Amino acid sequence: MIRFEGFDAKSWHRLVTIFAPGFASRPPNAHAERERAPGGLLLVVFRGTSVVAAVHSHRGRCEIDGWRGASSMQKLAEQTDAQFVIAVEDGALELLLDRWGARVDLDEPSREGWLLLVDAVREIVDERKIYFWPDLVPGGLPRPTRTVIDGAADLVLPAGRAAYAILVRDDSTLDAAIAIARPVGAPFTVIGGERIVGAIGALEGNPRRDMQAVRAWLDRELAPVHVGLHAKTSTIEALLRAEQAGAWSRAFNEGQLVIDPSPPWVVAGLGADVARSAIVAARGVLGTLMDRVAPALESATRVASARATLSGLLGLDVGSVVGSVLRRSSTPTPSSSEDESD
Amino acid sequence: MSNGTTAPRARRAAMVRYDTLEPAVLDGGFAALAELGFDAVDFPLVWSQHERSGGRFDFDAHERGARSIHTAIDAARRAGLGVRVRLGPRCVETEAGFGVPRSVLDDAAVMARNARRGAVLEPIALVPTAAPSLASRAFIERSCAWIAAATRVLGDHGFGTLESITVGAGSFAPLRGDAITADHHPEAGPLSSDPAERVARAERIALGWYDALARAALEAGAPVEKLRCSLIGPRTTAVAGDEIASRFAVDCALPFASVGTEALWIEVREAVDSSPLGARFDVQCGSAPFARPLRNRDAAAAARVALAAGASELTVRYAWCGEGWVGSLLDSKGVVQRVAHRWRALFDECASIAPRAAREGARRTARPAAWLAPVSSAWLAQFGLLDHHEERADDTLAALELECDAEGAVLARETDEGLVLLSTTTKPATVRDRRQRWIASGSHAIEPGAVSVFRGRSGGAA
């Protein structure tokens, strides 16, 4: 069970659209403009070589003259101006959900049910009934077990601890805030900025003072804080889309990203980012000599961070996948302090 | 949008999850809702909070945290608000099982079945949950037992205090459609491969369920004129929507704001025209935490289009909710949130727009069949993904001898109430009426997202 409290639609919308800008809420009269905007997702339902239906997330139903296999997906994306394409064989979704329905034990915790859905999706992908373009998740990745998921959750936020994030606009006014707690024996709790501000008063935009105030309140009311973050929303949006290694550690060193307290996984993650950045820099200086050394260094970096970072535990560079998706997604929606009453 | 004339205004209700609120805050909160311009409240009575075991119900189970519907009704009446109650069985999307008790959903005789005889699962608040089969005798009996018990409790308080009692599925559209359209439950009967026969079978199943629920409410004493049915999703795509709307007044979903002004307009127009006993529209304000977020400004803009299209009654879902919802107009203490004033402004702005009545013999535009089985058509339509608006190009400006300086920026409709202009883009535009048949000054500048109503030469728009 997850309990949500103290959010208004504006701040929840802000938080969600940092990671999923395509989900941004839009007024009815923005529909025509959205139809003309590039990007979006193309969903193709095919049967043999014919297309049953094709739908673009911005433009609705569209005409596709035939299905020519996975190799044609990039061309379909270019034709329809889409950034993502999913092609589903007619009936595959039913098959997927039927298999899921047949396997789920409804008495099991819900996360086990979702892992079984992941299994069913992988089977359908392996049977070539669903295709994704671009293929952002590397093939052959083992499906995380329940133990791995629990381990990852314990690493990021151990039971009985809390975490928070404060995001401010470029003019230092509060954009959104969130606190998450895993109280022992109580539901996972997600608290919004409205409740936080209601409890401790208006945040000033000064990272040190704001973080102290939020941390003291969480320590007192919910659970000891495990990790806290303060940054400009625009900085986080840029970092999530950054391609070059070292962007996160540079932002941390320059004070654009304040993390306090910093648990081991944050330190290890930033350390790995520094190491990757150093390898890239050295490659530029040492040229071909570094090409021979770099794989071993990269491997050593991965091993060193394997147990201390989320990516190490899951065997998947989560940040890289998120970055790849966001770089192809809609532009972030800017927010201003004049935009308060929504 | 006011022209100074007096016209019957659309009724607007606020859904209140009284069961998530402290009784002590109800009076203050209801007064605040009345002040915001609401004239009724809509209470969902959640089955899972009142069934103790095996069909035994407890409506005053304070020790289990359940709160009394009677306390809430009395408080709403004190604030001068009309009271509507919806009984479900599936009436709230924020509760596990949409409010149906786990003991019912876990009953193997209740579960909708897929082709492999497995359960049809729906993700409800991130929990995989078995969808009930509307054809299941066991589900029908237990649903009817709930409806009868809840209706009797309302009757104890007097049906005279209520505006309406709604039974049915909840007007939101669940993700899975095959729980009805391709249900392999043994009591659903054989499933044909012919799409038309499949549709007819699904409508027969849904209608049987609605009929049983309505009969249970009536037999428990509900006055027939106060009984309504809540459809699955928007009116024009709801399973058996036409048949149900011909027998009962209906509650239905307004599609989400992102579907566009024209789609919203057409949906409301067709729903009103083809619902002879009346149609209410549920509009979401905010969202469940696991759903696509919806800002209130966009929800209010969708409601504005609905009012301009002639909606006679709107219900703002989760307008006041203690927890489990993001974006309510009042917080858990009953304090009005900033966003609420946007709704108040909308109600003031739309005060003079007259609601519209059904047209005899009106027919809906045929929609294409669902293309993404097993996802429900109603869900696709709610997101604008079941496109039935083939005639998007709007030539009504020319037909009404009007001109616009921005192509495609304004939708014009001649209605019983006069001329309605709707801005359909994010840019301002100017509409010219050279003959001054509608616009006395000959031109009207329309702001992005605005709706203007003109009642012929004598009228005007603001």
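Q: Which strands of chain A form an open sheet, and in what order?
A: Six strands of chain A form the open sheet, in the order β1-β9-β8-β7-β10-β11, and their pairing is mixed. Strands (E, at least two residues) and helices (H or I, at least four) are DSSP runs, numbered from the N terminus. The model is a predicted one, in which local features need pLDDT of at least 70 and side-chain atom pairs count only at pLDDT 80 or more, while totals for chains, interfaces and linings use all residues. Residues are numbered from 1 along each chain as its sequence is written, chains are lettered from A and ligands numbered from 1 in the order in which they are written.

Q: Why is one side of β1 and of β11 of chain A left without a neighbour in the sheet?
A: β1 (2-5) and β11 (257-259) of chain A stand at the edges and have a single partner strand each, so one side of each lacks a neighbour. From one strand to the next, the twist averages 10°.

Q: How do you know that β10 and β11 of chain A are joined?
A: Two strands pair if DSSP finds at least two bridges between them. Three bridges join β10 (residues 225-232) of chain A to β11(A), so the two strands count as paired, and they run antiparallel. In β11(A), A:V258 is the bridge partner of A:H230.

Q: Which strands does helix α9 of chain A touch as it packs on the sheet?
A: Helix α9 (residues 233-241) of chain A touches β7 (162-168), β8, β10 and β11 of chain A. Its direction makes about 100° with that of β10(A); such angles run from 0 to 180 degrees between N-to-C directions, with axes fitted as lines to C-alpha atoms, for helices over the stretch in contact.

Q: Why is α1(B) called oblique to α2(B)?
A: The axes of α1 (residues 26-36) and α2 (residues 69-78) of chain B come within 9 Å and cross at roughly 45°. Angles under 35 degrees count as roughly parallel, over 145 as roughly antiparallel, 65 to 115 as roughly perpendicular and the rest as oblique; α1(B) is therefore oblique to α2(B).

Q: What makes α4(B) roughly parallel to α6(B)?
A: Helix α4 (residues 137-157) and helix α6 (residues 195-219) of chain B pack at an angle of about 30°, with their axes 8 Å apart. That angle makes α4(B) roughly parallel to α6(B). Their crossing is right-handed, the term for a near helix turned clockwise from the far one by less than a right angle, left-handed being anticlockwise. The contact includes B:I147 of α4(B) and B:W209 of α6(B).

Q: How are α8(B) and α9(B) placed relative to each other?
A: α8(B) and α9(B) pack at an angle of about 45°, with their axes 8 Å apart, and are therefore oblique to each other. B:T261, B:L264, B:W265 and B:V268 in α8(B) meet B:A302, B:V305 and B:A306 in α9(B).

Q: Which element supplies the largest share of the side of chain B that touches chain A?
A: The contact takes 54 residues from chain B and 40 residues from chain A. α9(B) supplies the largest share of the chain B side, six residues.

Q: Which residues have the most contacts inside the largest nonpolar core?
A: They are B:V41, B:A306 and B:V410, in a core of 223 residues. A nonpolar core is a set of buried Ala, Val, Leu, Ile, Met, Phe, Trp, Tyr and Cys residues joined through C-beta atoms within 7 Å. A residue is buried if 20 or more other C-beta atoms lie within 10 Å of its own, exposed if 12 or fewer, and partly exposed in between.

Technical notes. Contact = placed C-beta atoms within 7 Å.
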